[in-house]
There are 2 protein chains.
Amino acid sequence: MGDENKNLTRRQVIVGAGAATMSLGAVTLGASKAEAAGKWDHESDIVVVGSGAGASTAALIAHDNGDSVTVLEKAPIPGGTSAKSAGVLWVPNNFALRSRGIEDKKEDCVRFMARYSYPEKFNAAQPHLGIGQKALSMLEAFYDNASPTIERLQKMGALEVAEWRMFALDRPATDYLDHVLENKVPAGRTLGPLKADGKTVGAGVDLMIHLNGALKKKAIPLLLGHRVTKVVINGTGRVVGVEAEVGGKTVTVRARKAVIFGTGGYAHNPELVALYQRVPIYGACAHPWSTGDFINIGGAAGARMGYLAGAWRTQIILEEALQNPNLAAGVFFPPGDSMLQVNRYGRRVVDEKRNYNDRTEVHAQFNPTEAEYPNHLMFMVYDQRTAEGFAGAYPLPEKATGAPYVISADTIEGLATKLGERLKEIGPKTGGFSLAGDFVANLKATIARYNGFAKTGKDEDFCRGKHAYDTEWHAVFSPMHPGSKFPKNAAPNPTMYPVASKGPYYAIILGSGALDTNGGPMIDAKGRVLNTKDQPIQGLYGAGNCIASPSRYAYWGAGHTLGNAIAWGAIAANAAHGEAPVEAE
Amino acid sequence: MGDENKNLTRRQVIVGAGAATMSLGAVTLGASKAEAAGKWDHESDIVVVGSGAGASTAALIAHDNGDSVTVLEKAPIPGGTSAKSAGVLWVPNNFALRSRGIEDKKEDCVRFMARYSYPEKFNAAQPHLGIGQKALSMLEAFYDNASPTIERLQKMGALEVAEWRMFALDRPATDYLDHVLENKVPAGRTLGPLKADGKTVGAGVDLMIHLNGALKKKAIPLLLGHRVTKVVINGTGRVVGVEAEVGGKTVTVRARKAVIFGTGGYAHNPELVALYQRVPIYGACAHPWSTGDFINIGGAAGARMGYLAGAWRTQIILEEALQNPNLAAGVFFPPGDSMLQVNRYGRRVVDEKRNYNDRTEVHAQFNPTEAEYPNHLMFMVYDQRTAEGFAGAYPLPEKATGAPYVISADTIEGLATKLGERLKEIGPKTGGFSLAGDFVANLKATIARYNGFAKTGKDEDFCRGKHAYDTEWHAVFSPMHPGSKFPKNAAPNPTMYPVASKGPYYAIILGSGALDTNGGPMIDAKGRVLNTKDQPIQGLYGAGNCIASPSRYAYWGAGHTLGNAIAWGAIAANAAHGEAPVEAE
């Protein structure tokens with residue numbers, strides 16, 4: 001606290017006299033409905049906004065701390081995007097690792113996270129690993145809280161989890177940057193929620209059955225259809241509640257200790273996407289209510305914004321997303337081995353088997369000479385082998401041409417012609433994105449070069465299949481069908497196989513998409529929302545996709561988003577527990 | 001105005017009763033020194049913050065409109081970054097074009113700006129060119145105001161300009177994206193300030209001698225050493241003045257109509273750079289007081305933020321910037337023809353002759369497989385021909401090894417060894433950035449490929465020298481010395497010449513730098529700062545590098561920044577003139 005806040009504290013004695021005051025969108029007490037009516041519609045120690053994994057964890061931990069809690073959810077159903085997710089939780093030093101005798105030391109894990117999140121600054125020999133004390137403290141807070149929170153939730157009877165294993169491979173999950181020196185535990189940091197049977201690992205819906213169910217069991221009020229529109233701030237600048245819209249009426253909810261936001265990103269807010277993303281997020285797995293409310297509400301309360309251009313990225317089937325941007329799934333793992341992706345010049349630009357978050361960044365790569373985004377849309381090109389041998393692995397339909405988004409032709413020339421026609425059709429929605437004049441010639445050369453790499457097993461351009469991430473997730477999500485008439489891939493690199501010299505050929509148009517975005521108000525290591533002077537806005541906390549991610553642009557491994565949401569939800573609830581309650585004004 | 005503001009207006013009757021109120025960092029009247037003291041230290045219709053081209057134009061236009069004006073500048077000298085600049089002004093449809101009978105139609109020019117600023121959405125066949133009504137209205141406002149503002153300033157006796165011609169080439173300046181279909185006037189949109197002689201075109205210092213001189217001539221108070229710390233907001237949410245710090249004391253300045261910010265970006269604020277840029281801005285041409293104050297002050301007032309990751313980019317000599325980030329110049333035009341740039345893998349990644357803003361974007365390109373920025377630092381590699389034949393063209397010293405940042409060796413292997421050593425030395429400041437193991441082999445292959453392109457004149461990878469921008473700015477800024485002992489470049493592509501097969505070879509380490517950043521509070525087409533509901537914050541305006549650039553990430557041509565600063569300064573002043581004055585409270 002600087003001098004300024006002391007001044008405010010001195011002034012606070014004359015607060016509450018009923019004088020109406022300014023409002024920047026946040027509402028001050030004097031201008032709030034609560035103050036006007038002389039009472040609040042609801043009140044509790046802690047008010048939680050949202051009901052996904054981060055919000056629900058915050059509510060449950062707060063309740064366990066002895067605080068009274070009210071949960072407000074704008075959707076008519078609880079669970080948020082978490083309920084639509086795979087439910088995986090990235091939790092370093094978790095009980096499953098420990099039970100196998102694997103030490104995931106704090107020092108090592110923090111070094112890995114710092115390396116992945118701050119590649120341009122990370123330097124293990126420097127103080128604070130070269131990333132600065134504040135950034136480092138966020139990584140440490142996550143490590144310190146992730147596993148203990150899971151265990152606490154289990155002890156409270158609010159969650160049951162087990163190690164999340166790689167399906168058919170039946171081994172611990174490989175991290176998304178497994179091969180760097182700094183990753184000392186490259187597999188096994190993932191947990192998953194148990195299904196109702198108490199044995200099988202389930203998905204996001206199971207996770208939220210646990211967490212939302214626990215809210216009910218513990219009689220924590222969860223008010224659906226309550227769209228929070230602003231925070232209420234008293235004369236000392238402290239957040240003391242929120243206003244919410246319920247069926248066109250304003251409801252006020254008092255928070256004696258704190259308001260914790262655990263709402264969504266802005267993936268389904270077209271205006272914010274247009275403003276903050278360099279190329280559109282055409283579709284997102286986030287539930288449709290993810291419209292970035294906390295960016296507007298927190299911004300109105302004077303929060304410092306961070307990483308507004310960020311997102312948890314994935315490629316998506318463009319033509320499906322144009323029909324409906326609320327996606328069931330992204331193209332997380334492009335299937336097939338005789339498959340590659342090219343841009344409008346017919347050129348490869350990325351390791352097609354890299355993890356979805358990092359891989360999808362290439363869509364926004366800028367070409368300075370033409371002042372364009374040449375990878376804005378990408379084309380997944382493959383042959384009959386991949387179409388049949390890997391059929392049914394999303395986005396490949398069971399029958400080669402069994403989906404309207406699959407384009408096919410007997411020759412590369414024919415494929416390019418049809419692609420060009422399809423692009424023209426959707427041009428009004430894609431800035432008229434088109435194939436370059438030399439697309440066919442380049443694509444042929446690209447395939448020839450790719451085929452050479454497939455034969456030697458070494459992708460000299462993009463290292464496809466070089467690291468365990470590529471090979472293992474390929475094996476899990478797109479193993480070749482055992483009975484296929486096509487030869488097995490006996491090559492040294494199981495992710496690459498030469499594309500056939502004869503057609504038919506297939507193409508799917510891929511766009512940039514997201515699980516959700518991850519920029520918004522900045523928080524500190526206690527989950528407190530910071531103002532533009534980097535001081536906490538008293539009584540205001542955040543966790544999950546609505547805040548500037550403490551991991552910045554990095555996605556440490558499967559379950560990264562939910563692992564972070566839960567840890568930061570708990571961090572916020574625990575810090576809020578220590579707030580001195582504000583008496584009624 | 002929504003319903004909410006109506007409510008506030010009704011409440012406004014009880015404002016001013018002296019009750020202190022909340023503060024989010026912006027200060028409300030009741031908590032301000034002015035209110036406490038019962039008077040303001042200064043007052044005028046319009047308060048302008050900053051004294052560069054945008055701020056000074058706003059002040060001059062406001063004065064010309066009949067408004068009283070106070071200008072506050074935190075530095076001990078006036079003129080801001082504008083005074084350090086080249087002073088060029090990008091002004092479409094300017095008098096020089098018209099005098100040559102060249103029509104720079106609004107429709108055409110707006111189409112070009114939309115194409116350059118929104119490559120992923122631009123579609124001429126769509127309503128609002130596919131970029132949306134709001135974005136389009138900003139481009140239209142710029143076009144409508146740029147040339148008329150220059151003419152008005154000239155008529156007022158506040159500025160003298162002439163066509164800015166390309167020095168030795170003595171022709172109108174070529175735009176930074178001259179070759180796209182949408183650019184109907186690819187040269188001639190640039191003006192420059194006249195020197196005191198009234199004849200010769202000068203630089204930024206001359207521009208500011210005009211504009212700052214006019215402030216004096218018109219007796220507009222310019223208060224130096226006044227660091228504005230916050231805006232003062234009254235009970236209706238209207239900005240009514242500012243607080244400034246002067247030698248440790250707080251001074252209050254009342255604005256009856258409006259406050260207009262024309263301050264700097266955040267290029268010299270290391271914390272904001274670390275937060276918002278993906279790779280560091282190691283140095284900037286901005287004057288050292290460019291610390292992004294309006295991001296914090298506007299954010300505290302509830303402004304919506306835009307393009308926080310943006311900057312007017314240029315490559316810089318890394319080792320100079322590490323000594324002193326306040327640069328005299330950037331590496332705007334890498335000189336030489338037997339010269340190329342490579343990344344840590346020894347690979348070219350960009351047309352080395354492309355304009356500085358677009359070219360420098362490659363430094364932040366992300367490699368998904370290694371989760372790294374492989375172009376974070378780039379290496380400008382050249383031979384004796386370039387070292388001597390183009391000596392003295394920044395950053396080449398007059399003597400080949402006449403600067404400590406030039407690394408030289410007889411062989412490519414030797415050059416790599418020395419580069420590696422130098423990188424190790426500066427590693428603590430660059431995240432330990434190093435050369436990849438195959439740097440030497442790749443660099444040799446890269447040079448061989450480059451030499452092949454030089455012979456045919458066709459850069460098949462990056463189109464170097466294909467477009468007029470490359471060749472003309474190359475000819476202006478790095479013509480070969482006439483008396484050089486090296487053969488003239490008679491190749492079909494004057495920007496490329498084979499790198500010698502024998503040493504010595506030279507290298508300079510380049511980093512990402514900027515003129516200044518260009519993200520911050522969003523404005524509308526009247527220059528009004530918008531809140532997080534996209535409604536104007538009453539009485540608050542912005543122009544120049546301190547706001548979210550209306551051109552987004554694009555740099556339309558030489559003089560882009562100043563042309564925009566002046567147009568938006570005028571737009572703000574003219575809109576502010578129409579504000580109903582607020583009476584003393």
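This is a predicted model: local features need pLDDT of at least 70, side-chain atom pairs count only at pLDDT 80 or more; totals for chains, interfaces and linings use all residues.

As background, most peptide bonds are trans, and most residues other than glycine have a negative phi.

The bond that joins B:Y394 to B:P395 is cis, and its omega is about 10 degrees. If you search for B:P395 in the structure, you will find this proline in the loop between α12 (384-389) and β15 (406-409) of chain B. A cis peptide bond also leads from B:G503 to B:P504, where omega is near 5 degrees, and B:P504 lies in the loop between α15 (468-477) and β16 (505-517) of chain B.

In chain A, the residue A:H128, which is not a glycine, has a positive phi near 55 degrees, and its place is in the loop that runs between α5 (106-117) and α6 (133-155) of that chain. In chain B, B:A371 is likewise not a glycine and has a positive phi of about 50 degrees; this alanine belongs to the loop between α11 (356-360) and β14 (378-383) of chain B.

Are these two residues buried or exposed? A:H128 has a relative accessibility of 38%, and therefore counts as partly exposed, a class that lies between the cut-offs of 20% and 50%. B:A371, with a relative accessible area of 0%, is buried, because buried means a value under 20%.

Key. Residues are numbered from 1 along each chain as its sequence is written. Chains are lettered from A and ligands numbered from 1 in the order in which they are written. Side-chain values use heavy atoms; hydrogens and water are left out. Helices (H or I, at least four residues) and strands (E, at least two) are DSSP runs, numbered from the N terminus. Buried means under 20% relative accessible area, exposed over 50%, partly exposed in between (1.4 Å probe, protein chains only).
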